[in-house]
Amino acid sequence: MMKQEEYKAFATDIRIETLEALKDLGFGHIGGAMSSTDLFAVLYGGVMNIDPKNPDWEERDYFVMSKGHAGPGLYTTLAMKGYFPMEELKTINTNGTRLPSHCDRNNTPGIDMSTGSLGQGMSTAIGIAHGLKIQDKDNYTYLLIGDGECDEGQIWEGALYAPQQKLDHLIAFVDYNKQQLDGYTKDIMDLGDLKQKFADFGWYALEVDGHDTDAIAAAIELAKTNVGKPTMIILNTVKGKDCTFAEGVLYNHHMTFTKEECETAINLLKAQKKAGNVKCVIK
């Protein structure tokens, strides 16, 4: 398992390589990929029990990224862990690729569930966790949902079901970056206190800085001490985090950008890493 400074460096590298992968393409789901990167670094940096050489290993932990549009960030993470060659990242969103815009388990090694139709990943992750429990297995199932995705009724049906079944090996996260495709969440459908909502539905609920890798790792360890309830960890994040042309931009869900803009963002991230200035602060 990585140390705190290694998690931070891994997260920075994921951001850099994701931008490198999309640089020539000139478009992609930047906002949600960048806000989720620190979680990817923690999960794949040592928290999850995985074997990149055997993606279908039965003893592995499972990860369902319900907000499947953030695929580029996850693909980069998987490539960096050795699931497939790094050079394949250049094929994202191109004809014949194994790396489509949204996660597809039939195409990409290391993807446990096809996602992108928002809300459905909640149900499939619960199905995986429940199935593993029925088989008396100790595998953990990790789930990431978006905050805009929490507008979906299917999320709240799942929120009722998982505690009823006492799925304590299900650890879920909300990427709470306060933005969705067409605006701020508070303006479209105010989510209120998400931590309290999930607690009221019967979950063990926690809330952390979603760009603090140490806090994320500690919350996961705390979740594993919980018995009899699924865990929901609210990650307070910034959409487009640490990407100069995306952070602070309202409509940054799917963006077009120039190669020059991408290179500027990459160079700044490299400079931050070289200086050791990889600490992430919520703005």
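Some ground rules before moving on. This is a predicted model, in which local features need pLDDT of at least 70, side-chain atom pairs count only at pLDDT 80 or more, and totals for chains, interfaces and linings use all residues. Residues are numbered from 1 along each chain as its sequence is written, and side-chain values use heavy atoms, with hydrogens and water left out. Helices (H or I, at least four residues) and strands (E, at least two) are DSSP runs, numbered from the N terminus.

**Stop 1: helix 3**

Select residues 71–81. Here 9 of the 11 residues are buried, so helix 3 is largely enclosed by the rest of the structure. Buried means under 20% relative accessible area, exposed means over 50%, and partly exposed lies in between (1.4 Å probe, protein chains only). The buried set includes Leu74, Tyr75 and Leu78. Now show helix 1 (4–23), helix 2 (30–47) and strand 2 (62–65): the buried residues of helix 3 pack against these. Contact means heavy atoms within 4.5 Å.

**Stop 2: the loop to helix 4**

Pick serine 117, in the loop between helix 3 and helix 4. Serine 117 is partly exposed, at 43% relative accessible area.

**Stop 3: helices 4 and 5**

Select 120–134 and 153–164. The axes of helix 4 and helix 5 come within 8 Å and cross at roughly 20°. Axes are lines fitted to C-alpha atoms, for helices over the stretch in contact, and angles run from 0 to 180 degrees between N-to-C directions. The two helices are therefore roughly parallel to each other; angles under 35 degrees count as roughly parallel, over 145 as roughly antiparallel, 65 to 115 as roughly perpendicular and the rest as oblique. Show side chains at the contact: Met122, Ile126 and His130 are among those from helix 4, and Ile155, Ala159 and Tyr161 among those from helix 5. The contact residues divide into 6 nonpolar, 5 polar and no charged. Ala, Val, Leu, Ile, Met, Phe, Trp, Tyr, Cys and Pro count as nonpolar, Asp, Glu, Lys and Arg as charged, and the others, Gly among them, as polar.

**Stop 4**

An open sheet of 5 strands has the order 2-3-4-8-7, with parallel pairing. Strand 2 and strand 7 (204–209) stand at the edges with a single partner strand each, so one side of each has no neighbour in the sheet. Two strands pair if DSSP finds at least two bridges between them.

Select strand 4 (residues 170–176). All 7 of its 7 residues are buried. Leu170, Ala172, Val174 and Tyr176 lie on one side, with Ile171, Phe173 and Asp175 on the other. Click alanine 172. Its bridge partner in strand 8 is methionine 232, and leucine 143 pairs with alanine 172 too.

Next, bring back helix 4. This helix lies across strand 2, strand 3 (141–146) and strand 4, at about 170° to strand 3.

**Stop 4: two positive phi values**

Most residues other than glycine have a negative phi. Go to lysine 166, in the loop between helix 5 and strand 4. Its phi is positive, about 55°. Lysine 166 is partly exposed, at 48% relative accessibility. Finish at aspartate 242, where phi is near 65°. Aspartate 242 sits in the loop between strand 8 and strand 9 (255–256).
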